[in-house]
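Biologist: Could you walk me through this structure while I have it open? I would like to start with the rings and then look at some helices.

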Amino acid sequence: MHHAFNSYEHYAYGADELRPLSKLPRRNVNGAGLGLSDFGVSIIDAMSTLYTLNMFEEFDRGQVWVEENLFFDKRKTEASFFEATIRLLGGLLAAYDLSGERVFLDKAEDLGSRMMVNFLGSESGILYPNLKLPQGQINIDEGDRVNLAEVGTTLLEFGALSQRLGNETYKEAAERGLRFIHAANKGSHEALLPTHIFRETGLPDSDQYTVGAEYDSYLEYLIKYWIMNKKRDDFWRDRWVAMVDDVLDRLRVKGNGTAAIAVEFEFAGTEENGSLSPVMDHFACFLPGNIALGLLHDAVKGEKAEEYESFAKKMMNACYFGLYNTTTGLGCQSYYYDQDEDKIVPNDPSYKQRPEVIESLVMLYRLTGNDLYQQWGWSIFQAIEKYCKQEAGYSGVLDVTDENSGSDDEQQSFFLAETLKYLYLLFMGEDTLSLDEWVFNTEAHPLRIM
Ligand code: DMJ
């Protein structure tokens, strides 16, 4: 973290990210759709990790930067609502919860209140995903089609904002669209929705089902929101259980434990046009950890809990061995499991510093105490040291199957927020950001359970 963040401070402070090879600032974070331009994303995303790792000098400099430079009424560009929520709003709220410094809550309130227009513009309450700051307008030409990760990843941040401000408006806005989606699809026998729905009706507009990209954090937040609200509203837990059940029924792909993966493994594939294809992307690997988190909080009990735990462990195998069993020991972005040949074929061989596998290792380690999960995390860390470390910071690599494929010249802000934080947590005792007291948003920003 010292090497990554101090390099960013030296070469790119205030820009969204560092280009570690070029030693230049990267001015635009390309997340889902539109980027976040010059919001100092790496600073805000790093704050909760800096605090957790006792890097208080860097944290204090970050606070000064936020006080002096972060103004949401001055930006001219559009931003992604999703990225602004998870990186900026989540980062500010976590910095507030950890440090108690009021400026972070004030900035979160300023941002959150400007984002409200994206909820209020639609009759269903399902949000418009393109954020315009500072004009505060929705783009009514965006079209009527939205993906569930974008519309469903709001509960924790807007819920937390409401709790801290004592103002229900934010939480109600976040809940309204999701309750609408549920009501609109109630007659359907399946809880798992496709990746896309219509904003005005909440009904499906796709026949693609996945727990990976475009869906992931919608599912992730249901159980986390239940936990964040001290398990008082079972609606959210019940939605999560119904969806996980559907994943196990419909998307489960079983491997027989030979060839590339020498252990029993299972994963959630992708269904399109009614047929299941055994493709696993890195995003989907949040799920073993998310299930482990639900189990740590007794979201299900008895036989169902046993079934969930067994699936989570086998999916962890599929994530670690399927993605990370490579020449470099770095994880590819996605793979295809050739069931006939019983072999793993990387689909996209790039390594993008993603956190999901390490996040799940932390949760499974906390659930089981099995230090195998630490060993896997340690070997990922060593591969990062060997292949990603540059003179300035850390980059991704172009091809994990080739030791000499070269760097992508990007140090992702989520590498600071998530990948390094989860690696650290994997080797700390369970009292460090205890899961009884904290819930992590999808960018690994810890929010205090209040
Ligand atoms: C992060 O911004 C978040 O984890 C998000 O949920 C998915 N994409 C990246 C990391 O892969």
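Predicted model: local features only at pLDDT ≥ 70, side-chain atom pairs only at ≥ 80, totals over all residues.

Biologist: How many aromatic pairs does the structure hold?

Modeller: There are 26 aromatic pairs, where rings of Phe, Tyr and Trp (its six-membered ring) pair if their centres lie within 6.5 Å, and planes under 30 degrees apart count as stacked, over 60 as edge-to-face and the rest as tilted. One of them joins Phe 267 and Tyr 335, and this pair is edge-to-face because the ring centres are 5.7 Å apart and the planes stand at 70°.

Biologist: Where in the chain do Phe 267 and Tyr 335 lie?

Modeller: Phe 267 is in strand S11 (residues 265–268) and Tyr 335 in strand S15 (residues 334–338), so the pair links distant parts of the chain, 68 residues apart. Strands (E, at least two residues) and helices (H or I, at least four) are DSSP runs, numbered from the N terminus.

Biologist: Is Phe 267 buried or exposed?

Modeller: Phe 267 counts as buried because its relative accessibility is 0%, and Tyr 335 is buried at 0% too. Buried means under 20% relative accessible area, exposed over 50%, and partly exposed in between (1.4 Å probe, protein chains only).

Biologist: Which residues touch the most other members of the largest nonpolar core?

Modeller: Trp 240 and Tyr 335 do, in a core of 145 residues; a nonpolar core is a set of buried Ala, Val, Leu, Ile, Met, Phe, Trp, Tyr and Cys residues joined through side-chain atoms within 4.5 Å. Leaving aside residues up to four places away in sequence, the contacts of Trp 240 include Leu 219, Ile 291 and Tyr 308, with contact meaning heavy atoms within 4.5 Å.

Biologist: Changing topic, what does the side chain of Ser 80 reach?

Modeller: The side chain of Ser 80 reaches the backbone nitrogen of Glu 83 at 3.0 Å, and one of its polar atoms lies 3.3 Å from the backbone nitrogen of Phe 82. Ser 80 itself is in strand S5 (residues 78–80) and is buried, with a relative accessible area of 1%.

Biologist: And where is Gly 269 found?

Modeller: Gly 269 is in the loop between S11 and strand S12 (270–272), and it is buried at a relative accessible area of 0%. Its C-alpha is separated by 6.6 Å from that of Thr 210, although the two residues are 59 apart along the chain.

Biologist: Now the helices: how many residues of H14 are buried?

Modeller: Ten of its 13 residues are buried, so H14 is largely enclosed by the rest of the structure. Helix H10 (216–228), helix H12 (287–296) and H15 are among the elements that cover those buried residues, and just after H14, Gly 369 takes a positive phi of about 70°.

Biologist: What do the buried residues of H15 pack against?

Modeller: They pack against helix H13 (302–324), helix H14 (356–368) and helix H16 (413–426), and they include Tyr 373 and Trp 376. Those two also belong to a cluster, in which ring pairs link them with Tyr 320, Phe 321 and Tyr 324.

Note on methods
Residues numbered from 1 in each chain as written. Heavy atoms only, no water. Polar contact = N/O pair within 3.5 Å; in protein donor to acceptor, adjacent residues only side chain to side chain.
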